[in-house]
Amino acid sequence: MKRKLEISELIFKIISYTLLTVFALCCLYPFVYAISASISGRSAVEYGSVVLFPKDVQFEAFAKMFGDNMFWNAYSNTLFVTLYGTIWAMFTSILGAYALSKRRLLFRKFFNFFLVFTMWFSAGIVPQYLNYLDTQKVFNAIGIMDDKWLVVIAMGMAAMNIILLRNAFEGVPSEIEEAAVVDGASEFQVLSKVYIPMSKSTIATVALFFAISRWNGYFWARQMISNSNEHPLQVFIRLRLEEYTDPEAMSGWNEAFASDSVIYALIVCSIVPILIIYPFIQKYFAKGVNMGGVKE
Amino acid sequence: MKVGAADYLEFDKARGVYRVSPEQAVRDDVEKHYWLHVGRTIVKDWRLYLMLIPMMLVFLFWRYFPMYELLGCFKVSDNVLPVSKQLFSGFSYFKRLLLAGDSLSTDFWRAMRNTFILSFYGLCFGFPIPIILALFFNEIRSNIARSVYQVLTYLPKFMSTVVMTSLVTMLVKQGSLTTGMGIVSQFLANIGLISPEVANAGLLNNPSFFRSIYQISGIWEGAGYDSIVFFAAIIAISPTSYEAAQIDGANKMAQMRYVVLPSILSTIVIMLITRIGTLLNIGYEKVLLLYNPQTYVTADVVSTFANRNGMGTGAGTGIAAAAEMMNNVIGMLLVIGANTIARKASDTSLY
């Protein structure tokens, strides 16, 4: 049955559409502007006449960046850290979460507390820094000279993600596990053949969380990786930004495009891969938010 | 499990005496040889404990060892000796930070105040906006249109902090002889919100704009994404509830007040408590990327204060550790307090 909208409902609908449109455009605008500014000509960018659409289109800023070996280096370093970091984090988290989900585990409460406490209390930046310096010494002593491995192994664990996995594993009916055990499955087979397939979507979500935090990792990578060849993309972008927004360093700039265009081009290049995979990962992201409500 | 006397003893008819029941004998045995029992269980389930080891080691090495380093706030730090060998200095660093009255101490108090103000503003502005957005999303009946709006508003969440702050920096950057100012400062100057001179000097160099930039960029980045959870609560409301309210003559405000609000109240409470729990965990990375010496007045938070003093050429790691200790202890008390309230107020506990 269709009924006429009451006047207050109509007003609210109009307000909703208007404000949502404004907000959505505000969200979108900086990206559009970044793209336009990255391909506009020098004077158009420098005198601020680019507002929405590009002017005097040039692609030299992109060409300059793509011609920069450091850029590709940074990209491959980020891929390295993201790939191995996610694998390492998922490996430890899945095994640990599986053990924690078992009621027959002794001292289960203690182990849970051991995890959850790190969400309540963190040591802070400086103690962590001292700790990473020590770790670096140990890693160097056993022959791991590449600081990327330090970033991969020592950083980025999150108790929250492990608890999400644990809750998913607890939700698997124990009858299925019993059936598998009766059929002669070992502990590892139960995990790999029963638990992992049955909580696939949670695992995908958690892996996504880990991957995103690796991809975005900046602060510790900048602190701990001294060799500029090992810098991941985020550090590279930041260093370039600092270099290119320094008016004195840029006073001798004599390219056909503005120095800002290079920064915008960098920003665009770092967002594009995420935009490409965004449609595929969006549903896991939305799922992850609603998984909250953690219980002990 | 409560055990009564009947469980301990049973009557032995043949001898005519009471004796310890077999179940209790097993319990006694477990109690007597507790660690033997523990050992047997672990040996039987050794695979489970093996699985636990990598995770526990990671947390021990890189979460708990730093907490040990944090104890350096009670020791004389000289950056050479490990914490265990340093001399004990009691609360001298804390006294120094809180009471000395020198520039370090005033800087610390400023950082403490900024931490509270930034997070409190975040709570005031950052918290309601996702709820309002979710209400707006609910008004859009067409699924396609709604998806478009949602995708657009989630979009900024997918940038890293570095990219987001780079974009913000570029949009409000200062003008110079060679280049004009950022497009957003230009816009604000054009509509007369700020004077052209202020805009030209760069908004990020001006301490009175730091908080606004921090909050607005936070809303821009997170509001759409944070609205997901509220939207999920709103679409769970049965359409019949609205119909009933409409038949009773409720206008939109009344529907909001009596249908929508009660249905999403528990979600709001839970999210609010989570938020209060993490009040002091200001994203130091974002502050670090946006602030500069000119804006320390409003931008410096405890983490960045500690970062400057402990990792650069500052007052040393002991001072930095003491500052972080205070911040983190207050933060932990907030988390635990928020959780206790959550447990009491609703049946959902967060941790």
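Let's start with a crossing: H5(A) and H4(B) cross in a left-handed way. Keep in mind that this is a predicted model.

Now the geometry of that pair. The axes of H5(A) and H4(B) come within 11 Å. They cross at roughly 40°. That angle makes H5(A) oblique to H4(B). Which residues make the contact? From H5(A), they are Phe111(A), Phe114(A), Leu115(A) and Thr118(A). From H4(B), they are Leu52(B), Met56(B), Phe59(B) and Arg63(B). How do these residues divide by class? Six are nonpolar, one is polar and one is charged.

Next pair. Stay on H4(B), which spans residues 46-70 of chain B, and move to H4(A) on the other chain. The two helices pack at an angle of about 125°. Their axes are 8 Å apart. Why do we call H4(A) and H4(B) oblique to each other? The angle here is about 125°, so H4(A) and H4(B) are oblique. H4(A) passes H4(B) in a left-handed crossing.

Who touches whom here? H4(A) brings Thr92(A), Ser93(A), Leu95(A), Gly96(A), Tyr98(A) and Ala99(A). H4(B) brings Leu48(B), Met51(B), Leu52(B), Pro54(B), Met55(B) and Val58(B). By class, that contact has nine nonpolar residues, three polar and no charged. Look for Leu52(B) on your screen. Leu52(B) is in the contact with H4(A), and Leu52(B) is also in the contact with H5(A).

Let's zoom out to the whole interface. How many residues are in contact between the chains? On chain A, 80 residues; on chain B, 73. Several helices of chain A give two or more residues to the side that touches chain B. Among them are H1 (7-38), H4 (69-100), H5 (108-120) and H14 (259-290). Which element gives the most? H1(A) does, with 15 residues. By class, this side of chain A has 50 nonpolar, 19 polar and eleven charged residues.

Last point: confidence. Chain A averages a pLDDT of 87. In chain A, 96% of the residues score at least 70. Which element of chain A has the highest mean pLDDT, and which the lowest? H4(A) has the highest, at 94. H14(A) has the lowest, at 82. Both H4(A) and H14(A) give residues to the side that touches chain B.

Conventions:
Residues are numbered from 1 along each chain as its sequence is written. Chains are lettered from A and ligands numbered from 1 in the order in which they are written. This is a predicted model: local features need pLDDT of at least 70, side-chain atom pairs count only at pLDDT 80 or more; totals for chains, interfaces and linings use all residues. Two residues are in contact if their C-beta atoms, placed from the backbone, lie within 7 Å. Helices (H or I, at least four residues) and strands (E, at least two) are DSSP runs, numbered from the N terminus. Ala, Val, Leu, Ile, Met, Phe, Trp, Tyr, Cys and Pro count as nonpolar, Asp, Glu, Lys and Arg as charged, and the others, Gly among them, as polar. Axes are lines fitted to C-alpha atoms, for helices over the stretch in contact, and angles run from 0 to 180 degrees between N-to-C directions. Angles under 35 degrees count as roughly parallel, over 145 as roughly antiparallel, 65 to 115 as roughly perpendicular and the rest as oblique. A crossing is left-handed if the near helix is turned anticlockwise from the far one by less than a right angle, and right-handed if clockwise. pLDDT is the predictor's confidence in each residue, from 0 to 100.
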